[in-house]
Each structure stands twice: as structure tokens, then as C-alpha cells.
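Subject: Structure for you to look at

Hello,

The sequence and the structure are below. My notes on what was found follow them.

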Amino acid sequence: MPSVHSSPFYPMENPAIASLLRHTSGEKRNKFSAGGLLKMFKLFPMLTSGCKMVALLGRPRKPMLKDSATTGTIFGYRKGRVSIAIQEDTRQMPMFLIELPMLTSALNKEMSSDIVRIALESETKTNKKKLLEEFVWAVYCNGKKVGYSIRRKQMGDEELQVMQHLRGVSMGAGVLPTASDHKDSSDGEMTYMRARFERVIGSKDSEAFYMINPDNNINNGNQGPEFSIFFVRAH
């Protein structure tokens with residue numbers, strides 16, 4: 001793994017982030033090749049809305065998904081902004097939903113690197129709220145600050161439609177049907193990736209979500225990505 005201080009833009013000097021990064025410093029991590037959102041997740045089964053999984057992941061020798069794992073969904077129109085939803089149960093509303101200040105194409109470009117780290121930092125001076133209940137976040141992608149975002153308190157029609165289409169999906173990547181009022185838009189198709197994430201709570205002011213790679217259980221020759229999401233409250 002590259003050094004915590006490897007980025008010239010944002011050296012991750014926040015001790016909370018550094019502590020969370022050290023969670024994986026002794027573990028073997030897989031790399032992934034360059035490609036877009038869909039290419040990155042070749043190892044996942046391709047899914048279509050309203051249908052069950054069309055390609056099963058086989059019978060692993062050990063459980064693939066931890067009981068404590070949460071579900072993360074990354075979605076957005078090809079030419080629009082990308083959003084992240086985190087759920088404890090895919091049949092319930094997300095406990096965290098945010099639209100990142102970056103285009104899907106920009107995230108695809110970042111995926112050509114060996115590691116994808118999304119860091120969200122709250123500048124709130126008090127800790128009266130739980131960490132994921134904070135509203136305003138500074139957003140960093142692979143060490144570069146890309147702007148600010150506000151956590152969605154409620155889902156809009158498009159987010160609700162995505163969650164409904166993927167309600168029975170535990171992991172996968174693909175394209176969702178375009179909403180009737182968006183078919184003539186220039187934003188392109190709605191793409192998504194859904195995976196399970198291991199949740200690590202460092203403290204009341206720091207949490208991290210590490211994507212669980214199915215290729216750890218499947219010997220199919222594909223190399224999985226390292227994708228992590230960090231939440232930090234600065235004081």
C-alpha cells in the first residue's frame with residue numbers, strides 16, 4: 001500500500017484518517033486495471049432491474065459477506081454527478097446519502113489508479129450529532145479536494161427509483177432503465193455499482209468503509225479493486 005503521505009494534494013495528515021488507514025496496512029490488497037465504472041467491477045454479476053441475479057457467484061468455501069457488513073451503492077448518470085448511498089438493509093432507506101461534487105467520468109478516471117479513497121471531512125466543531133448525521137462535508141478523492149457536499153436528508157425521485165430497482169440486489173454493477181422524464185436528457189444512462197463494505201469505527205469522530213472483494217473467495221483470475229470511504233470530523 002502506498003504511504004499515507006503519498007499524495008501531494010492532501011497528505012491525509014488528519015490523525016483520525018491515518019488511524020483508519022493503518023487498519024489495512026498489514027493486509028494484502030488487490031489492484032485493478034484502468035477502466036470505467038462498469039469495467040472496474042467485472043467480477044460482479046451483471047444485473048437488470050426487476051430481475052434476479054443472472055450470474056451466480058458460485059459456492060465459496062467460506063462466507064463471502066460478514067454479518068456486520070453494510071451495503072454501499074455508487075450511482076449516477078454517465079455525464080452527470082455521482083452519488084453514494086450507504087444502507088444497513090437494502091430494504092430500508094439509506095442511513096447516509098450524498099451527491100459528490102464530481103462527475104461520474106471524473107470518478108472513472110480516478111479508478112485507473114491502484115487505490116480509490118473517498119474522504120469526507122466535517123468541519124463541525126461540536127460532536128452533538130452522530131458522525132454520519134453531519135450535513136456539510138468537504139470531499140476528497142484520492143487526496144485531491146473536489147469541493148463540498150451536503151448530505152441528503154431525504155431522497156429525491158431519482159434516488160428513490162434507484163433504491164427501489166436495487167432493493168433485492170446485494171452486489172452487482174450495470175445500467176438501470178432511464179426514468180421517463182429523463183430519457184431525452186444529455187446525461188446518458190444511469191450506471192450503478194453495489195457492493196458490501198466492512199464498517200470500521202475508529203472513534204466517535206472517525207469511521208471507514210472498506211469494500212469487500214468477492215474475488216477473495218472466487219478463483220476466476222480477476223483482480224478486485226481497493227475502494228474505501230472515510231468519514232472524519234475535524235476539531
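Arg199 and Glu88 are joined by a salt bridge, with 3.5 Å between the closest N and O atoms. The term stands for a side-chain nitrogen of Lys or Arg within 4 Å of a carboxyl oxygen of Asp or Glu. Arg199 belongs to strand 8 (residues 190–203) and Glu88 to the loop between strand 2 (81–87) and strand 3 (96–103), so the pair ties together parts that are 111 residues apart in sequence. Helices (H or I, at least four residues) and strands (E, at least two) are DSSP runs, numbered from the N terminus.

Before the rest, the basis of these notes. The model is predicted, so local features need pLDDT of at least 70 and side-chain atom pairs count only at pLDDT 80 or more, while totals for chains, interfaces and linings use all residues. Residues are numbered from 1 along each chain as its sequence is written, and side-chain values use heavy atoms, with hydrogens and water left out.

Arg199 is partly exposed, at a relative accessible area of 25%, whereas Glu88 is exposed at 56%. On this scale buried means under 20% relative accessible area, exposed means over 50%, and partly exposed is in between (1.4 Å probe, protein chains only). The two residues also belong to a salt-bridge network that links Glu88, Arg199 and Glu207. In the whole structure, the search finds 9 salt bridges.

Arg152 takes part in two of the pairs I looked at. One is with Glu99, at 3.9 Å from N to O. Glu99 lies in strand 3 and Arg152 in the loop between strand 6 and helix 4, so this pair ties together parts that are 53 residues apart in sequence. Glu99 is partly exposed, with 28% relative accessibility, and for Arg152 the value is 28%, which also counts as partly exposed. The other partner of Arg152 is Glu159, where the closest N and O atoms are 2.5 Å apart. Glu159 is buried, at 9% relative accessible area. Arg152 and Met95 are 57 residues apart in sequence, and their C-alpha atoms are 9.9 Å apart in space.

On the overall layout, the chain has 4 helices and 10 strands. Along the sequence they follow the pattern α-α-β-β-β-α-β-β-β-α-β-β-β-β. The chain has 235 residues, of which 48% count as buried.

There is 1 cavity of 30 Å³ or more. A cavity is here a set of points, on a 1 Å grid over the protein atoms alone, where a 1.4 Å probe fits but cannot get out; lining residues have an atom within 4 Å of a point. Grid points are joined across faces, edges and corners, and the volume is the space filled by probe spheres set on the points. The largest cavity holds about 40 Å³. Its lining consists of Tyr77, Glu158, Gln161, Val162, His165, Leu176, Pro177 and Met190. Helix 4 (residues 157–165) contributes the most to this lining, with 4 residues. By class, the lining of the largest cavity has 5 nonpolar, 2 polar and 1 charged. The classes are Ala, Val, Leu, Ile, Met, Phe, Trp, Tyr, Cys and Pro as nonpolar, Asp, Glu, Lys and Arg as charged, and the others, Gly among them, as polar.

On the surface, Val136, Tyr148 and Ile150 make up a nonpolar patch with about 310 Å² of accessible area together. Patches take residues with over 30% relative accessible area and no salt bridge, and nonpolar side chains (Val, Leu, Ile, Met, Phe, Trp, Tyr) are joined within 5 Å. The areas come from the Shrake-Rupley method with a 1.4 Å probe. Tyr148 is in strand 6 (residues 144–150) and is partly exposed, at 45%.

Two further points concern the backbone. Asn142 has a positive phi of about 50° although it is not a glycine. Most residues other than glycine have a negative phi. Asn142 is in the loop between strand 5 (136–141) and strand 6. Ser206, in strand 9 (residues 206–211), is buried at 4% relative accessible area. Ser206 and Arg233 are 27 residues apart in sequence, with 6.4 Å in space from C-alpha to C-alpha.

Regards

Technical notes:
On a 1 Å grid over the protein atoms alone, a cavity is a set of points where a 1.4 Å probe fits but cannot get out, and a pocket is an open set with protein on both sides within 12 Å along at least five of seven lines; lining residues have an atom within 4 Å of a point. Patches are made of residues with over 30% relative accessible area and no salt bridge: like charges are joined within 9 Å, nonpolar side chains (Val, Leu, Ile, Met, Phe, Trp, Tyr) within 5 Å.
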